[in-house]
Amino acid sequence: MSSQQAFAGWVAPATVAPPSPDAGALFLNVTPSGTIDGTNRIFALAQNFTDVSVYLNGVRLIRGADFTCLASLTGPGYDRFRMTVAPDAGENPDVLAVDFIAA
């Protein structure tokens, strides 16, 4: 069978968005969006990601134990993550930072 025969009639799914121009790029020390108020546990990034490291007050958190990634509804990869425990907004508010690989 020729390669033309193997791909005849194949059409890429319409729901899959193409990767961003930054796909595969590493972003460091990014502040996610979301309110640190002691109750909010969901935080977002402006760009979809395939992998992420989350830091709370400089300490790296464990994926699956301290946070989980939430699939993007608009493109490949993830666009949010959910903390197991909401960061504290007390007298000295918690600080979140992430390193991620763009989707």
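In the predicted model, the elements of the chain follow the order α-β-β-β-β-β-β from the N terminus, which amounts to one helix and six strands. The chain has 103 residues, of which 26% are buried. Its accessible surface is about 6,700 Å², and carbon and sulfur atoms account for 57% of this area. Of the contacts between residues at least 6 apart in sequence, 68% are between residues at least 24 apart.

Five aromatic pairs were counted. One of them is formed by F49 and Y78, whose ring centres are 5.7 Å apart. The planes of these two rings meet at 35°, and the pair is therefore classed as tilted, since that class lies between the limits of 30 degrees for stacked and 60 for edge-to-face. F49 is buried, because its relative accessibility is 0%, whereas Y78, with a relative accessible area of 25%, is partly exposed. Ring pairs join F49 and Y78 with F27 and F100 in a cluster. Y78 also has a charged neighbour: the charged end of R63 sits over the Y78 ring, 5.2 Å from the ring centre.

On the surface, a nonpolar patch is formed by L26, L28 and I101, which together have about 280 Å² of accessible area. I101 is located in strand 6 (residues 96-102). The relative accessibility of I101 is 30%, so this residue counts as partly exposed.

Notes:
Residues numbered from 1 in each chain as written. Predicted model: local features only at pLDDT ≥ 70, side-chain atom pairs only at ≥ 80, totals over all residues. Heavy atoms only, no water. Patch = residues over 30% accessible without salt bridge, like charges linked within 9 Å, V, L, I, M, F, W, Y side chains within 5 Å. Areas by Shrake-Rupley, 256 points an atom, 1.4 Å probe, with all protein chains shown as cover. Salt bridge = Lys/Arg side-chain N within 4 Å of Asp/Glu carboxyl O. Helix = DSSP H or I, 4+ residues; strand = E, 2+ residues; numbered from the N terminus. Buried < 20%, exposed > 50% of the residue type's maximum accessible area, 1.4 Å probe, protein only. Contact = heavy atoms within 4.5 Å. Phe/Tyr/Trp six-rings, centres within 6.5 Å; stacked < 30°, edge-to-face > 60°. Lys NZ or Arg CZ within 6 Å of the ring centre and 35° of its normal.
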